[in-house]
Amino acid sequence: SSPPLLNLLFFLQDDTGYNDFLTSTDYAGVYSDANALWRQRGILVDRTYADMVCAPSRASFIAGRPSHLVQPKVFSRSQEVTLMQKLSSTGYLSYMVGKWHCGVQAAHLPTSRGFNRFFGLLENPLAYDSVCGHKTNKYNVYYMENTAFENSASSALDPFMRRHYADAEDYYSPTELQEEAFRFLNDHVARYGSAGKTAGVPLFLYFATNAIRNSGDDDSHPSRFYANCTHVANPQRRNGCAASATINLAISELTSYMDTLYDDDWLGIVSSDNGGSAWNFNSPGNNYPLRGNKNEIFEGGVRVQSMIWGTYPPLLSSRMIGHTYSAGFVSIFDWHATFAELGGWTTAGGAEDDHINNGVNYLGDILENRTARPELLFVSGSGSAFLLNGTYKLLEAVPYGPESMNGPNL
C-alpha cells in the first residue's frame, strides 16, 4: 500500500524582515521556542525571495507561479489550479486561518479557491484589537466553510459564511487566530481521524498571522508579550518585538498540537510575505544588514528567512538539521511546488499547469545542501525586475525610498 500522505503546515508572517526572525540582532531572544525547534529538528533557509509587497506574494504562493504572472485578472481565470485544489485531488482537506488578502468577491474568497474552512481577515486589519479593515473601516473578520462543520447544509455549491463577532475588550487578532487554528485541527481529527496513526484524511493548514505588520504604534499587545522585549529601546521596535512574541508562541503551540495529533507524519514551513517595512511611523521592521525595505526590490525588500521543521523522517535524518541553507535561491512559489509534490500531486504532460507553474520542489536539495536553482528572475507588477545569478544581482526600474510605493524611480 502507499505510505500515508504528510500533514502539511504553512505559516506565513506579515512584513517580518530579515532581521526580525531567528537570527535577529535584537529579537532572537523572543524566538526562544522557535530557535529551539530550528536547532533540534529544523533547517533555516537564508535566501528565500518573495514579492516586495504582501498581496502578490500570497497569490504567488497559492497559484504557484511568479507574481508578475499572478495579476488580478490572471489569478481569477477559470483554469487556475490552486495548491488547495491540487491537494484536494489527492485526498486532502485544506484549512486557512489568518490574513487572506487575495480578493473579496465571491469567486475570490478562500472557500472558492479550495479551502474547506476559513477563519480570519479578508483584508488588512485596522488594528490588532479591531475586527474592522484597514482602509474600509468595515467588518473584516469572517468564518467560511464549504464542507459541513458548523452548518449541516454547507457545500461547494452553497457555502456558509458568517461574521465573527468578538468582545472588543478581549479581542486580539493573533491570539484569536491561534485559538481558531486549534479548533480546526481538533475538529478535523474528531471527524476524519489522524492520517498516519489511523487511516485518516491528511490536512493542509495555512496559518497566516497579521504580525508583525504595522505593530510599531499599536499598544494593544497584551503585556505578557513584552516579557522578553524590555531590552529594546525604540518604542516602535519594542512593539514589533511583542508582535514577534505572538509568532513564537503560535509556532511553539502549533508544533505541540501537530506532534500530538500527527506524530511522525507532518512537515511545516514558516516564511514571510516580503521584507520588513521601516519607512512608516507604525512600521517596526528591520532588514539589517541588507539594503532596502518593503516596496523595494533591493535585498531588504524581497529577501526573507524561512524555516522548515516537523517530524518528517527524511528531514530529521538530514545533516542540515540545526544549520542554515544558503546554497540556492528559493522563491515563495517554490513552497507551493514543494507542498504539492509532498501531497502526491503530479502533472500530466502538456497540461497547462506544466508551463504556468514553474516552482521547484526544493526540499530534497535543502536536505542535501544542493543547489536546485542557480539563478532567479523576479518581475513585479509595476515593471521593476531583478535577476539573481551567483553573487550578482541585476536590477531594472528600481523603486526606492519612502515614495517607492508610488512606482519605480527610473
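This is a predicted model: local features need pLDDT of at least 70, side-chain atom pairs count only at pLDDT 80 or more; totals for chains, interfaces and linings use all residues.
R58 is buried, with a relative accessible area of 0%.

**R58 and its surroundings**

- Setting aside neighbours within four places in sequence, the contacts of R58 include L12, Q13 and D14.
- R58 also touches K99, W100, H101 and C102.
- Y206, A208 and D273 complete the list of its contacts.

**Helix α2 against helix α9**

- Helix α2 spans residues 54-63 and helix α9 spans residues 332-342; their axes come within 7 Å and cross at roughly 25 degrees.
- Because angles under 35 degrees count as roughly parallel, α2 is roughly parallel to α9.
- The crossing in which α2 passes α9 is right-handed.
- On the α2 side, the contact is made by S57, S60, F61, I62 and A63.
- On the α9 side, I332, F333, W335, H336 and F339 make the contact.
- Sorted by class, the contact of α2 with α9 has 7 nonpolar and 3 polar residues, with no charged residues.

**Strand β3 and its two partners**

- Strand β3, residues 93-99, is mostly covered, as 7 of its 7 residues are buried.
- β3 pairs with strand β7 (residues 203-212) in the parallel sense, over 6 bridges.
- In that pairing, look for V97, which stands opposite F207 in β7.
- β3 also pairs with strand β4 (residues 117-121), again in the parallel sense and over 5 bridges.
- Here Y95 has R117 of β4 as its bridge partner.

**Helix α5 against helix α6**

- The axes of helix α5 (residues 173-192) and helix α6 (residues 235-262) come within 10 Å and cross at roughly 10 degrees.
- That angle makes α5 roughly parallel to α6.
- α5 brings P174, Q178, A181, F182, L185, N186, H188 and V189 to the contact.
- α6 brings T246, L249, A250, E253, L254, Y257, M258, L261 and Y262.
- By class, the contact of α5 with α6 counts 12 nonpolar, 4 polar and 1 charged residues.

Methods. Residues are numbered from 1 along each chain as its sequence is written. Side-chain values use heavy atoms; hydrogens and water are left out. Axes are lines fitted to C-alpha atoms, for helices over the stretch in contact, and angles run from 0 to 180 degrees between N-to-C directions. Helices (H or I, at least four residues) and strands (E, at least two) are DSSP runs, numbered from the N terminus. Angles under 35 degrees count as roughly parallel, over 145 as roughly antiparallel, 65 to 115 as roughly perpendicular and the rest as oblique. A crossing is left-handed if the near helix is turned anticlockwise from the far one by less than a right angle, and right-handed if clockwise. Contact means heavy atoms within 4.5 Å. Ala, Val, Leu, Ile, Met, Phe, Trp, Tyr, Cys and Pro count as nonpolar, Asp, Glu, Lys and Arg as charged, and the others, Gly among them, as polar. Buried means under 20% relative accessible area, exposed over 50%, partly exposed in between (1.4 Å probe, protein chains only). Two strands pair if DSSP finds at least two bridges between them.
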